[in-house]
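Here are my notes on the model you asked about. Please read them with the structure open beside you.

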Amino acid sequence: MSPGSSSASSPIVPSYQEAAALVGKYAARISGEPRPTERVELGCASGRVLARALYADRDQPPFARSTRDGFACRAAEASKHRFLNLVGSSRAGEAPAGPLPEGAAWEIMTGAPVPAGADAVAMIEHVETSGKQVRLLPPRKLKAGENIVDQGAQAREGDELLPVGAAIHAAQIALAASCGFATLKVFRRPRVAILTTGDELVPVESTPGPGQIRNSNAPMLAALVAAAEGEPWILPTAHDNADALDEALAQASQADMLLISGGVSAGKFDLVEPALARAGARFHFTGVRIQPGKPLVFGELPIRETPIAQNEYRTKCLFGHPGNPVSTAVTFLLFAAPVLRALAGSTDQGPRFALAKLAAGTDAHGKPGLTRFLPATCTFIATTGSGIAGKYPEVALVPMQGSGDLVSLARSNCFLVVPEDAKSLEAGAVVPILLY
Ligand code: AMP
Ligand code: MG
């Protein structure tokens with residue numbers, strides 16, 4: 001039996017790739033489901049997902065626009081270097097003017113409409129003026145179209161600019177504004193219940209007694225949920241007993257998605273799986289061959305038989321995260337975040353991986369049968385200029401005292417991925433990293 005595989009009596013524990021494929025398939029399925037929508041002001045749209053495609057209300061740009069301060073002219077005439085008569089001037093905001101007579105030029109500012117008849121703009125730095133005349137300085141020549149963006153070159157009136165499912169951030173807000181949208185139709189954020197479990201947990205405002213710790217997973221998961229297009233709903237922490245968990249799960253079933261932290265390992269007080277089973281949950285997997293995060297649970301709560309209201313989501317998926325903070329963060333990023341983004345209607349679901357080079361002094365050890373995700377810092381060094389081919393950002397491990405090490409997690413900006421079959425990774429190796 002290979003390491004990590006299960007005995008005949010316990011369920012097969014999938015590898016990272018297998019679990020990711022399963023989650024990907026699930027995400028693809030829920031992506032196609034109808035979901036509730038709402039309208040938001042443009043100023044509040046960042047981080048939301050577009051529910052109606054964005055169309056161009058007019059040509060973009062709406063008129064042939066100059067990209068430079070200079071002189072609109074005919075390229076062929078200007079390239080002969082004869083003086084051209086200055087016959088007009090246009091600044092940004094003025095209506096398109098012209099026509100430009102033959103043998104003439106037209107003063108123009110960046111963003112102004114190019115006068116009819118002109119086919120190029122000579123940059124102010126490239127001409128000499130004399131009285132009411134201007135000429136292109138030899139030996140420079142002008143090509144037709146130079147320093148002009150034609151009307152409709154970026155998009156035509158009625159073109160689809162952004163599809164349903166596009167994530168909205170600064171650039172998309174700017175584009176919507178340019179098309180006259182003061183509000184956008186977006187998908188309602190799935191409400192994600194966050195249920196932390198553990199007798200040892202006290203709220204952040206409390207002073208922990210002997211053996212107690214503060215609940216750090218609730219605010220961490222809330223932040224992760226918000227970053228993945230969900231609306232976090234923190235429930236009271238549940239104690240490690242069956243009644244408390246049953247009660248908490250009944251409340252949590254009001255949410256569109258459920259994240260549980262703690263109580264999914266094999267210990268005497270890990271009672272979450274049986275409680276989920278009592279609540280009618282169906283499990284897709286109850287472990288993944290990863291470290292940290294091996295006891296991760298992925299399943300679904302039953303949905304009510306009654307017809308679904310307009311503003312409800314159709315599935316109630318759930319993740320049971322191991323309680324150690326690094327495990328919680330890793331398993332959320334790898335599995336829960338893509339499902340949440342899919343539920344939220346986003347077509348950009350992640351997780352996001354990149355390649356980096358292991359920094360000098362760093363080596364990482366593999367664990368047979370487990371894909372490892374280790375807190376690391378990646379230095380995203382400048383990759384502009386010549387001689388950059390084959391250069392990678394550098395990644396270094398952050399020292400970590402096990403998967404409860406929040407200090408290490410908070411000092412990291414990515415996770416180094418050690419593949420299941422890697423014995424060790426040495427300094428200089430090109431390795432995958434998980435971004436967050
Ligand atoms: P569990 O998965 O319940 O066995 O918990 C594993 C470890 O994570 C234990 O050391 C817990 O004290 C810790 N832990 C569980 N839940 C939280 C939480 N909400 N915040 C911080 N640490 C937690
Ligand atoms: Mg616990």
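**Notes on the predicted model**

1. Start with Thr197. Thr197 is buried, with a relative accessibility of 5%. Buried means under 20% relative accessible area, exposed means over 50%, and partly exposed is in between (1.4 Å probe, protein chains only). Thr197 sits in the loop between strand 13 (191-196) and strand 14 (201-202). Helices (H or I, at least four residues) and strands (E, at least two) are DSSP runs, numbered from the N terminus.

2. A word on the ground rules. This is a predicted model, in which local features need pLDDT of at least 70 and side-chain atom pairs count only at pLDDT 80 or more, while totals for chains, interfaces and linings use all residues. Residues are numbered from 1 along each chain as its sequence is written, chains are lettered from A and ligands numbered from 1 in the order in which they are written, and side-chain values use heavy atoms, with hydrogens and water left out.

3. Leaving aside neighbours within four places in sequence, Thr197 is in contact with residues including Thr237, Asp240, Leu245, Ile260 and Val272. Contact means heavy atoms within 4.5 Å.

4. Now look at helix 4 (residues 217-227). Its buried residues are Asn217, Ala218, Met220, Leu221, Ala222, Leu224 and Val225. They pack against strand 13, strand 16 (231-234), strand 17 (257-261), helix 7 (325-343) and helix 8 (406-410). Just after helix 4, Glu229 takes a positive phi of about 70°.

5. Next, the ligand. Which residues come nearest to ligand 1, of the 16 around it? They are Glu200, Asn215, Gly263, Gly323 and Asn324. A residue counts as near if one of its heavy atoms lies within 4 Å of the molecule.

6. Check the backbone around ligand 1. A nitrogen atom of ligand 1 is 3.1 Å from a polar backbone atom of Ser216. An oxygen atom of ligand 1 is 2.8 Å from a polar backbone atom of Gly323. An oxygen atom of ligand 1 is also 3.1 Å from a polar backbone atom of Asn324. Taken alone, ligand 1 exposes 480 Å², and the protein buries 78% of that. Accessible areas come from the Shrake-Rupley method with a 1.4 Å probe; for residues, only the protein chains shown count as cover.

7. How many salt bridges are there? The count comes to 11. A salt bridge is a side-chain nitrogen of Lys or Arg within 4 Å of a carboxyl oxygen of Asp or Glu. One of them joins Asp59 and Arg156, with the closest N and O atoms 2.8 Å apart. This pair links distant parts of the chain, 97 residues apart. Asp59 is in the loop between strand 2 (54-55) and strand 3 (65-66). Arg156 is in the loop between strand 10 (148-149) and strand 11 (160-162). Buried or partly exposed? Asp59 is buried at 13% relative accessibility, whereas Arg156 is partly exposed at 43%.

8. Compare another pair. Glu300 and Arg282 meet in a salt bridge (3.2 Å, N to O). Glu300 lies in strand 20 (residues 297-301) and Arg282 in strand 18 (residues 282-285), so the pair ties together parts that are 18 residues apart in sequence. Glu300 is buried, at 10% relative accessible area.

9. A further salt bridge joins Glu420 and Arg289 (2.9 Å, N to O). Glu420 and Arg289 are 131 residues apart and link distant parts of the chain. Glu420 is partly exposed at 27% relative accessibility, while Arg289 is buried at 12%. Salt bridges that share partners join Arg29, Glu33, Arg282 and Glu300 into one network.

Notes. Polar contact = N/O pair within 3.5 Å; in protein donor to acceptor, adjacent residues only side chain to side chain.
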